[in-house]
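Please keep the sequence and the structure at hand while reading.

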Amino acid sequence: MLLQGFAIPKESQKKVVDFTFNGEPAKIKHGDVVIAAITSCTNTSNPSVMLGAALVAKKACELGLEVKPWIKTSLAPGSGVVTKYLEKSGLQKYLNQLGFHIVGYGCTTCIGNSGDLDESIASAISQNDIVAAAVLSGNRNFEGRVHPLTRANYLASPPLVVAYALAGTVDIDFDKEAIGTSKDGKKVYFNDIWPSNEEIANVVQSSVLPDMFKSTYKAITSGNPMWNQLQVSPSTLYPWDPLSTYIHEPPYFKDMTMSPPGPHPVKDAYCLLSFGDSITTDHISPAGSIHKDSPAAKYLMERGVERKDFNSYGSRRGNDEVMVRGTFANIRLVNKLLKGEQYRSAGHDTIILAGAEYGSGSSRDWAAKGPMLLGVKAVIAKSFERIHRSNLVGMGIVPLCFKSGEDAETLGLTGHERFTIHLPATASEIKPGQDVTVTTDNGKTFTCTVRFDTEVELTYYNHGGILPFVIRNLIGAN
């Protein structure tokens with residue numbers, strides 16, 4: 001089951017790769033776990049699963065089980081209360097023993113903030129095309145988001161994260177196969193380390209106390225001296241720092257006039273990207289670490305930022321110059337055109353060709369902001385995810401759908417054409433769901449449905465997007 005969807009030839013599915021880790025011989029195969037993370041999503045707000053994970057760790061440690069040293073383990077609670085009740089229970093030490101030390105509080109692995117893998121295992125994975133796995137108790141497991149080198153990413157409860165870390169692989173049947181071998185040489189199975197509901201209830205009852213919540217949140221404004229000592233300008237306007245690589249004044253309102261610009265003609269536009277089906281917002285939006293050879297990395301290095309200080313796209317989401325350079329940079333993204341021409345710098349409009357379910361996923365805002373800042377004026381797809389379609393409109397991008405049974409392939413579109421979308425000249429002439437004609441410079445003509453679904457969306461488009469619309473209304477109200 002594991003290898004379905006990864007296109008691993010049958011003769012290679014049992015491949016084992018030898019490598020050296022800290023001077024010791026090691027092996028890795030398809031399905032082996034290299035990241036196991038208990039993360040700060042809703043799971044860590046549930047004391048039963050958190051203490052359940054700790055009980056799994058306790059039973060495993062008492063039996064002498066260990067986690068392979070190259071598996072990157074972490075525990076990132078969403079609240080300091082978790083630390084208090086794990087310490088109170090006396091169970092944190094067992095999590096520590098298996099490598100699940102507390103690394104911080106907040107988003108980590110879900111958004112790609114696990115950090116680098118050890119170079120030895122990273123090389124073994126990349127040089128041998130190993131389908132390595134990550135197991136995390138979060139809520140995001142899209143391709144390329146958890147880590148560039150983990151192609152198989154699985155969501156699991158905190159106790160299961162510990163169990164899979166101990167097994168060292170996701171390619172295991174817990175009902176039949178042993179997780180490991182105890183210190184006295186006996187096989188250890190899943191049932192041997194899994195706590196009962198009664199065990200979990202007892203430790204929750206004795207360790208999770210109301211005063212822990214009161215004391216933690218009472219001190220929430222005084223717990224970080226660095227934050228409290230920040231100097232705040234008395235100005236009512238934000239003082240933009242042109243040298244900041246974290247917060248940059250975005251160009252959303254550049255050259256904005258008080259009069260709405262009306263429909264933007266899309267004429268002789270280049271195709272920036274041509275995709276197949278199921279392109280998600282997590283493919284589109286920048287997330288995770290900033291690769292050392294990426295355009296975003298080049299931008300930061302030109303401004304004196306060292307690689308160790310790159311941080312992540314998530315931490316730099318307030319800088320449009322960084323984020324636009326990471327848009328469509330997901331390593332699992334397949335652009336059929338395989339070219340990277342600089343249309344925006346030359347002042348050319350661009351469009352995107354896509355298949356079905358364009359924009360599913362959860363990385364909302366920058367999946368629409370990034371394409372807009374890249375100069376994308378329209379997306380022509382077989383179908384859209386509901387919220388992303390609305391977000392595209394909000395950023396002034398026209399969503400269009402191919403007619404049923406048609407797509408770029410059936411129409412013979414290569415993506416090398418120049419596209420003109422024949423929209424009405426005024427917003428009042430555009431109607432929700434109307435058909436428009438699209439022509440190309442090589443003589444092709446086809447009909448698309450404009451996916452402005454409401455009159456409100458037409459108003460946003462008439463203003464060039466929701467942000468100019470709001471600003472004009474605010475100014476007009478004063």
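Helices (H or I, at least four residues) and strands (E, at least two) are DSSP runs, numbered from the N terminus. The model is predicted, so to be read with its limits: local features need pLDDT of at least 70, side-chain atom pairs count only at pLDDT 80 or more, and totals for chains, interfaces and linings use all residues. Residues are numbered from 1 along each chain as its sequence is written, and side-chain values use heavy atoms, with hydrogens and water left out.

**Overall build**

- The protein chain comprises 16 helices and 15 strands, and its C-alpha atoms fill a box of roughly 80 × 65 × 45 Å, taken along the principal axes.
- Of its 478 residues, 49% count as buried, where buried means under 20% relative accessible area, exposed over 50%, and partly exposed in between (1.4 Å probe, protein chains only).
- The protein chain exposes about 24,100 Å², of which carbon and sulfur atoms supply 52%; accessible areas come from the Shrake-Rupley method with a 1.4 Å probe, and for residues only the protein chains shown count as cover.
- Among contacts (heavy atoms within 4.5 Å) with a separation of 6 or more, 72% join residues 24 or more positions apart.

**Nonpolar cores**

- A nonpolar core is a set of buried Ala, Val, Leu, Ile, Met, Phe, Trp, Tyr and Cys residues joined through side-chain atoms within 4.5 Å.
- The largest such core has 72 residues, and those with the most contacts inside it are Ile-28, Tyr-85, Leu-98, Phe-100, Val-162 and Leu-166.
- Helix H1 (residues 47-63) gives the most to this core, contributing nine residues.
- Apart from it lies another core of 36 residues, among them Ile-290, Met-323, Leu-373 and Val-376.
- Leaving out residues up to four places away in sequence, Val-162 touches Ile-38, Ala-53, Val-56, Ala-57, Leu-95, Leu-98 and Phe-100.
- Leu-166, placed in helix H5 (residues 158-167), is buried because its relative accessible area is 6%; beyond its neighbours within four places in sequence, its contacts include Ala-60, Leu-65, Val-67 and Ile-193.

**Helices H2 and H3**

- In helix H2 (residues 80-89), Val-81, Val-82, Thr-83, Tyr-85, Leu-86 and Ser-89 are buried, and the buried residues of H2 pack against H1, strand S4 (72-75), H3, helix H7 (197-207) and helix H8 (210-218).
- Ser-79 caps the N-terminal end of H2, with a side-chain oxygen 3.0 Å from the backbone nitrogen of Val-81, and H2 is followed by Gly-90, whose phi is positive, near 80°.
- Gln-92 lies in helix H3 (residues 92-97) and counts as buried because its relative accessibility is 4%.
- The side chain of Gln-92 reaches the backbone oxygen of Phe-100 at 3.5 Å, which brings in the polar contact, a pair of N or O atoms within 3.5 Å; within protein, one must be able to donate a hydrogen and the other to accept it, and residues adjacent in sequence count only if both atoms are side-chain atoms.

**The loop between H9 and S9**

- Tyr-238 sits in the loop between helix H9 (225-228) and strand S9 (266-274), and is partly exposed, with a relative accessible area of 47%.
- Ser-244 is found in the loop between H9 and S9, counts as buried at 18% relative accessibility, and its side chain reaches the backbone nitrogen of Ile-247 at 3.0 Å.
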